[in-house]
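Please read the following briefing alongside the sequence and the coordinates. The points are grouped by topic.

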Amino acid sequence: MSRVASGVEIEITPDLTIPKLFARRAREQDQRVAMREKEFGIWRPITWAAYLDNVQFFALGLAALGLRRGDRVAMIGDNRPEGLFAEMAALCAGGVAVWLFQDALMDEVQYIVDHSDARFLVAEGQEEVDKALTIKARCPKLERIVWDDPKGMRDYQDPALIRFTEVQRLGRELAAREPGRFEAMVEQGQGEDICLLFYTSGTTAKPKGALLTHTNMLKMGQNLLRVDACLEADDFVSFLPMAWIGEQMMSISCGLMAGFTLNFPEEPETVVANLREISPHAIFSSARFYEQMVRTVQVKYLDASRAKRAVYECALDIGYRLADFKLAKRPAPWPWQALGFLADQVVHKKLRDHLGLSRIRNAYSGGSALGPDYFRFFHAIGVNLKQIYGQTEIAGISVVHRSDDIKCDTVGKPIPETEVRITPEGEIISRSPSVFKGFYKDPEATAKTLRDGWLYSGDTGFIDPDGHLVFFDRTKDVFILSDGSRFSPMFLESRLKFSPYIKDAWVLGHQRPFAAAVICIDSSVVGKWAEDNRIAYTSYQELSQDPRVSKLIQGEIRKANALLPAAARVRRFLNLHKEFDADDEELTRTRKLRRAFLEDRYHDLVETIYSGADRVGVGTAVTYEDGRVAQVKAELSILEIPDASDLKTEN
Amino acid sequence: MTQPGLEEIHLKVDDLRISFGGVQALVGVSLDVRRGEIFSLIGPNGAGKTVLLNCINGLYRPDAGRVLFEGQDIAHLAPHKRAALGIARTFQKIELFSGMTVLDNIRLGRHLHMRTGILSGAIYAGKAAREERVHRGFIEREIIDLLEIAHVRDKIVGMLPYGLQKRVELARALALQPRILLLDEPMAGLNLEEVEDMARFILDLNEEERWRVTCVLVEHDMGVVMDISHRVAVLNFGEKIAEGPPAEVQINPEVTRAYLGEVEDLYVSRR
């Protein structure tokens, strides 16, 4: 479905930069809506003209404060127009944007600000300013801290602090003194200039800073849009961290290339409601996000009356049948089509509306692989969900599904101008105009990752007969049992997590006799279940260790086991006494498991699981967001999954 | 905590006495609350703290004594008249309309400022609609945003967790645009994070230019009281036994004996 956007395609010449394209868009679309922000309960539009004004004066303000070409400007905060103004302004002034995750811990903020040599930090409000002031003493290169949300800021006197609007005022003064300065700054940029210094979330070591150029970003946006066009009239909701390459891809690259409207939610807590109000045309999100959507539906289902459940089940069965036809690329017979129409009218349409997907043309999932169960679910309810594969080092995307060619177990085909090959060792390598320039201050890692223009991903995979890329997990994440059989823990985890009661699963088994799992129950769903079953509990820990809850989880694992090959079945498991948390470094900020860290932290626990004992005592440190640490002690029971070994393979 | 610059007496309680049957709940209590300060009342259970708040906002009629608000004796006024003067309060046990939405509860607190009559309100055009919009704007900008309850504005209050309900109650009190705010145990039943949030909200209300509300706080969480109050008064069996800045009160021997010493376990700080 390669729709062509209105007008002619933008030609990416060597001197085209993001700011130049931005200035052009702003001139052409002038009074049209560039973005909206929900504030005080109302969606407020911001025109392209206002967007340009804000960026222009902020950029000049930064210049007035001494920003030179090539200087790094770090940014931290939620998705909001000011965040985008700041980033665009930094680029217009010839600077390099560095984004930090809003919930990053002090150490991470310090490491990135220091490593990137940032001279400016644009923070959102009090919380971010506090972080910035704390690290300032240890980051001597940091000069000014800009903030935009005045709440709670009345008593801050630090001379390094300056308000967003004050920077813009300085910019206005400079504009009055030197008219044409902004245009000159924008004109100076070249496509090969670095525009982003992007720190990869790093499941293993310290984050590495990838250097991306304007051309990298623009080419990536253009090539994605060549696959799936977006229109100027489209809406997009910007709610994922700006520090994630996927959000940059959509909000900056595709946003400028297609010129669609960005919408910023009111608060992080209101995303779901705001998504429904806007009902975007395209979504690019992490697997997590889709898993959460399915969970929402499953929970509502558990809550519904018997009659409603029956209707839902029936409609979903029809949906699954049609999805299977579609995924197998066979036309559905007309009776099924007719039933599908009915199911859509009665159930799926409403479901899509509630999920904020009623206008969706393309939904992309990236970051980590989304399990096939989720995939089928979305196609069953009529959402055109596709997998994206790529990494920060290639500006976010290199491979994607085409609308008429979707397979649940692949990630699709390369986007235009992109080559993907497999090395003899099975590693995925790719080459395109979007491949990055190297890691900042890390020639060793650069040499390892970039060879002859090819990007070595560290992922294993193969290309199937249809030309689709199949990607396993990170090479180091393929498990080999002691009898030599191989399996992918992430695949198992995704299967387990399809149960609404299981929030996180961590599968073990590398060089062990069998697979085992550490489960984090979903406190709200299991809590509700406990309530319905009159089980009293006071804490997550108590709930997780209740024998009836263990039994429930046991049943869920058996269900998941039934669909797995015999070697990969989970034989033992335990319910962990706490949820995995990024603040405890158990997950990355994009919520992937950090296996090496987990292995280390829960070493005794893992040993006990394989020792055959049925109880284990643990003591773990829990870190609060402000850095405080508390000790938690618990005794956890380990359970067997009956007949996991002699189940018939149904797959 | 530094003293606010203004020394003007905002609320004066003079020799207040009240008894219930044979129990003397307040035995001649006198207090001066200065404009712009956070004034805390502490003391063991049954010391008369809530009774004192009830006398100030008019739920109880004292047997003797005066309550002066901005120099005017208000002891004879009905509670709603006192509210109109700018005295708002929250309650120890949440007193919200649990079947209504958050927004409706807050709007109710705003009712006092509405000038529209029943008829024009029903027709809802012109002036009435304009007024409604202005008030709605005030609620959104100054209250919902400040207290961070945007994500629940359309939720039914009864369905919300306790910590949020406490915030909604504060929101409703704020809708009155009070000049003095009586807070009866705003931290009770909250977890650590919620306590910190609530303390920050109270400080915001007290210090933010737009609000500058004088706060009278009844609270058991000593950590919070000592952190945010400008001055503290200690009640014991209906009598004021000490008054002064937190640092002084903390080391007052009579206070330690009467209060902290005896029932220490009950009132230890969460921090």
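**Overall dimensions and confidence**

Chain B has 271 residues, for which a compact globule would have a radius of gyration near 18 Å, and its value of 19 Å agrees with that; the radius is taken over C-alpha atoms, and the globule rule is 2.2 Å times the number of residues to the power 0.38. This is a predicted model, in which local features need pLDDT of at least 70 and side-chain atom pairs count only at pLDDT 80 or more, while totals for chains, interfaces and linings use all residues. Residues are numbered from 1 along each chain as its sequence is written, and chains are lettered from A and ligands numbered from 1 in the order in which they are written.

**Chain B**

- The C-alpha trace of chain B spans about 65 × 40 × 40 Å along its principal axes, and the chain has 10 helices and 10 strands, where helices (H or I, at least four residues) and strands (E, at least two) are DSSP runs numbered from the N terminus.
- Of the 271 residues in chain B, 38% are buried, a residue being buried if 20 or more other C-beta atoms, placed from the backbone, lie within 10 Å of its own, exposed if 12 or fewer, and partly exposed in between.
- Chain B averages a pLDDT (the predictor's confidence in each residue, from 0 to 100) of 87, with 93% of the residues scoring at least 70.
- Over residues 263-271 of chain B, pLDDT stays under 50. Where pLDDT is low, the predicted coordinates should not be read in detail.

**Strand 3 of chain A and its neighbours**

- In strand 3 (residues 72-76) of chain A, 5 of the 5 residues are buried, so the strand is largely enclosed by the rest of the structure; A:R72, A:A74 and A:I76 cover one side, and A:V73 and A:M75 the other.
- Strand 3 of chain A pairs in the parallel sense with strand 4 (residues 96-100) of chain A over 5 bridges, pairing being counted if DSSP finds at least two bridges between two strands.
- The chain passes from strand 3 through helix 3 (residues 81-92) to strand 4 of chain A in a right-handed β-α-β crossover, that is, with the strands pointing away from the viewer, the path from the first strand over the helix to the second runs clockwise.
- Strand 5 (residues 120-122) of chain A also runs parallel to strand 3 of chain A, joined by 3 bridges, and A:V122 is the bridge partner of A:M75.

**Helix 7 of chain A**

- The buried residues of helix 7 (residues 181-188) of chain A are A:F182, A:M185 and A:V186.
- The face turned away from the buried side of helix 7 of chain A carries the exposed residues A:E183 and A:A184.

Terms used. Two residues are in contact if their C-beta atoms, placed from the backbone, lie within 7 Å.
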